[in-house]
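Thanks for making time this morning.

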Amino acid sequence: MSTDRRDPLETAWQEAVSALRPGPPREAGEPVRPGSGLTGGGTLALLDAQLESRHLDLAARWLRTQGHGFYTIGSAGHESNAFVAAALRPTDPALLHYRSGGFYCARARQVEGIDPVRDVLLGMFASVDEPIAGGRHKVFGRHELAVIPQTSTIASHVPRAVGVAFTIGRAPKLAAPIAWPADALAVCSFGDASANHSTAVGAINTACHCAHANLPLPLLFVCEDNGIGISVRTPTGWIEAAYGRRPGLRYEAADGTNPAGVFDAAAELAAWVRATRRPAFLHLRTVRFLGHAGSDVEAGYRTPEEIRSAYPSDPLLGTARQLVEGGFARPVDILARNEEVRARVRTAAQGMVGARQLASADEVAAPLSPRRPDAVAAAAVGTGAPDARRWWFGRTLPEEEGPLTLAQAVNRALADTLVAEPRSLVFGEDVAAKGGVYGVTRGLMARAGAARVFDTLLDEQSILGLALGAGVSGLVPIPEIQYLAYLHNAEDQLRGEAASLSFFSRGRYRNGMVIRIAGYGYQKGFGGHFHNDNGVAVLRDIPGIVVASPARAGDAAAMLRTCAAAAATDGTVCVFLEPIALYATADLHEAGDGAWLDPYDPPERWADAHVPIGEPRRYGSGRDLLIVSWANGLHISLRAARRLAADGIDCTVLDLRWLAPLPTDAVVLHAREAGRVLVVEETRRSGGVGEAILAGLVEAGFTGPMARVTSKDSFVPLGDAALHILVSEDEVVAAARTLVVRA
Ligand SMILES: Cc1ncc(C[n+]2csc(CCOP(=O)(O)OP(=O)(O)O)c2C)c(N)n1
Ligand SMILES: [Mg+2]
């Protein structure tokens with residue numbers, strides 16, 4: 001490969017460095033400026049980190065001109081963030097902006113044997129050897145550096161950062177160890193435009209709220225303010241106006257051209273955060289060079305003069321100036337370092353041409369959601385000590401209570417999880433004193449304590465952010481979302497963040513969790529759409545997650561144990577979708593029959609009662625028709641099956657129990673036995689589950705008659721009008737008759 005022409009940015013910098021006037025020579029161990037905690041020698045080392053970051057950016061563009069590399073968003077202009085890293089410890093969990101390359105290179109210097117140039121270049125080449133994402137994304141991340149990888153979604157990491165800090169703050173009150181040192185702080189960087197994203201705004205508000213409530217939250221926000229978001233200017237003074245005077249949030253600003261100033265401000269804030277366990281906001285003023293990305297034609301929205309006018313604010317020039325004028329280096333020394341780093345980066349880049357990329361779909365998906373069913377089964381039977389259970393439940397153990405409703409069974413299973421799994425936490429809106437929106441968590445706080453069962457503020461992004469932070473810190477979070485409709489405003493925290501972490505970190509980071517959601521329709525004419533939301537498509541297409549949806553008490557307890565065990569053992573992200581309308585249902589066919597109640601299994605039966613992920617449950621063995629359903633649809637289907645039996649139509653009813661992964665093989669097996677299939681689906685006709693069931697049958701070569709009855713493609717209205725929308729027992733019976741007669 002040919003060497004390239006130098007970018008005007010580099011040439012301007014070289015000229016400016018050459019023109020610097022050296023001060024009287026000083027020893028490397030002396031402060032870089034009077035009173036600074038940073039030495040001249042330390043600054044020189046950090047200049048190398050800055051140069052590495054800059055030359056990585058230049059190399060990314062140079063590689064593109066040669067037809068190599070896949071990523072050109074860089075950190076040029078932001079490299080003063082190296083001095084923030086230097087003020088922190090390499091064990092402080094870091095969630096970084098995509099321009100925090102200087103931070104990454106500086107942090108790598110704090111840990112033996114890590115070459116940040118290699119790491120970042122491998123990312124550009126989408127190499128399988130890249131240490132965090134292994135070719136799945138270009139991202140700053142490395143387990144050995146406590147740098148948790150981020151997605152490309154602006155600000156989506158900020159709720160997790162708050163969750164990590166919350167977990168560090170909560171750790172002293174828990175009996176379980178977490179992944180970070182007791183005196184760690186979390187650091188989270190983001191851009192100035194990103195600071196306006198509702199995700200960031202909400203998360204920072206949560207941090208302020210915690211501080212206001214005296215909850216420990218050791219978190220350093222770093223806003224890398226280059227005054228622009230792609231092409232849109234941030235109004236002068238906005239970041240300070242928005243974040244300079246927030247309750248509970250200490251604010252300091254630092255100028256990226258003054259490295260000692262950045263270091264001292266960051267060190268001061270870090271010491272304060274560590275000591276007070278309160279959040280702080282470092283406003284780091286930067287510039288942006290080289291456009292937003294290689295593909296961005298900056299000249300379309302910035303004049304050449306404007307672009308050049310930022311050159312004097314180059315953080316690399318600021319560092320060089322402090323070193324030269326402070327007497328720690330001569331311009332020639334700095335220019336020589338530049339040449340050394342430049343050559344090193346280019347040589348490394350050349351050596352990576354042809355680096356192996358992911359070679360098969362299996363290799364790509366390997367870290368998506370590792371499953372070890374045997375280990376999960378073993379973990380799912382883990383129970384608290386008999387004494388602990390006895391203390392928790394008092395005189396009557398749940399297995400001695402008699403048959404339970406679905407809500408009671410979830411409650412008892414949550415209790416057993418809290419007893420058996422010291423890493424588990426239960427939280428959400430109203431879950432503590434009130435016991436959750438439907439009382440499912442009632443009594444848990446009184447026993448587990450307010451450190452493990454607690455109310456959050458009313459923000460689903462923050463609830464899931466807390467789960468993300470607790471999960472990546474080694475705990476087993478079990479958050480509650482009050483209604484399925486209210487998952488949607490926070491859905492990216494599940495889809496973009498939780499589900500993708502293992503994938504983008506080759507399993508080095510995981511965030512196992514069980515998100516309990518009260519959902520579905522049929523609330524006896526109550527509530528309207530938002531309390532009867534029945535759409536699950538948004539969950540079913542998220543790669544790798546598990547969606548459990550029990551219909552009755554016995555299944556719910558066993559499935560909750562499975563989910564908690566999978567979250568703890570394999571880092572599985574589980575959604576546990578509970579049918580509100582069946583929470584308190586006791587009967588199936590006749591009033592008073594109690595057929596929808598189940599006894600609670602005693603621990604010695606948990607192994608036999610274990611429900612593996614993806615295993616459905618069969619009712620009956622009728623040979624005329626297979627009815628496939630789940631949740632409310634199961635209750636409806638079992639009633640319909642009895643009416644059909646009176647007509648001489650013998651049905652098998654299959655409860656899917658798991659909506660992801662779908663038990664397609666079992667459906668096919670039972671379909672072959674019965675010859676005809678009817679899917680009874682309480683979700684919508686479009687994007688529901690039945691489409692996948694029928695597609696699975698067709699793909700498997702099943703040729704018998706198939707049909708589905710579903711709820712309508714509509715929102716659910718208030719009152720009895722809901723019944724026009726939701727699938728009914730009569731529709732099931734009619735469709736089944738048609739199907740059987742037709743065949
Ligand atoms: C949620 C979301 N919306 C839009 C984008 C596209 N996008 C990528 S970077 C960016 C601007 C970010 O600006 P800022 O936060 O100031 O960071 P900077 O690039 O200036 O460092 C946008 C809009 C995105 N990545 N995520
Ligand atoms: Mg910006």
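Start with Arg-372. Arg-372 makes a salt bridge with Asp-570, and the closest N and O atoms are 2.8 Å apart. Arg-372 sits in the loop between helix H13 (361-365) and helix H14 (373-380), while Asp-570 belongs to helix H21 (residues 553-570), so the pair ties together parts that are 198 residues apart in sequence. By salt bridge I mean a side-chain nitrogen of Lys or Arg within 4 Å of a carboxyl oxygen of Asp or Glu. Helices (H or I, at least four residues) and strands (E, at least two) are DSSP runs, numbered from the N terminus.

Before going on, the ground rules. This is a predicted model, where local features need pLDDT of at least 70, side-chain atom pairs count only at pLDDT 80 or more, and totals for chains, interfaces and linings use all residues. Residues are numbered from 1 along each chain as its sequence is written, chains are lettered from A and ligands numbered from 1 in the order in which they are written, and side-chain values use heavy atoms, with hydrogens and water left out.

Back to that pair. Are its two ends buried or exposed? Arg-372 is partly exposed, at 45% relative accessible area. Asp-570 is buried, at 5%. The cut-offs: buried is under 20% relative accessible area, exposed is over 50%, and partly exposed is in between, with a 1.4 Å probe and protein chains only.

Next salt bridge. Arg-552 pairs with Asp-598, closest N and O atoms 3.0 Å apart. Arg-552 is in the loop between strand E13 (546-548) and H21; Asp-598 is in the loop between strand E14 (573-579) and helix H22 (606-609); they are 46 residues apart. Arg-552 is buried at 7%. Asp-598 is buried too, at 11% relative accessibility.

A third one. Arg-643 and Asp-730 meet through their side chains at 3.0 Å, N to O. That links helix H23 (residues 631-646) with helix H26 (residues 729-742), and the two residues are 87 apart. Arg-643 is partly exposed, at 33%.

How many salt bridges does the rule give? The count comes to 50. Some join into a network: Asp-48, Glu-52, Arg-109, Arg-337, Glu-340 and Arg-344 are linked that way.

Now the sheet. It is open, it has seven strands, and the order is E10-E9-E11-E12-E14-E13-E18, with mixed pairing. Strand E10 (453-455) and strand E18 (658-660) are at the edges with a single partner strand each, so one side of each has no neighbour in the sheet. The twist averages 20 degrees from one strand to the next. Two strands pair if DSSP finds at least two bridges between them. For the angles, axes are lines fitted to C-alpha atoms, for helices over the stretch in contact, and angles run from 0 to 180 degrees between N-to-C directions.

Look at E14. Seven of the seven residues of E14 are buried, so the strand is largely enclosed by the rest of the structure. Val-573, Val-575, Leu-577 and Pro-579 cover one side, and Cys-574, Phe-576 and Glu-578 the other. Strand E12 (residues 513-519) runs parallel to E14, joined by seven bridges.

On to the metal. Which protein atoms hold the magnesium ion (ligand 2)? Its protein donors are Asp-192 (OD), Asn-226 (OD1) and Ile-228 (O), at 2.0 to 2.1 Å. Donors are N, O and S atoms within 2.8 Å of the metal (3.2 Å for Na, K and Ca); water is not among the atoms, so sites may look incomplete. The spacing along the chain is D-x33-N-x1-I. Asp-192 is buried at 1%, and Ile-228 at 4%.

Last, the backbone. Most residues other than glycine have a negative phi, and most peptide bonds are trans. Here, a cis peptide bond joins Ala-660 and Pro-661, omega about -5 degrees. Pro-661 is in the loop between E18 and helix H24 (664-674). Ala-146 has a positive phi of about 55 degrees, and Ala-146 is buried at 6%. Arg-506 has a positive phi near 50 degrees. Arg-506 is partly exposed, at 38%.
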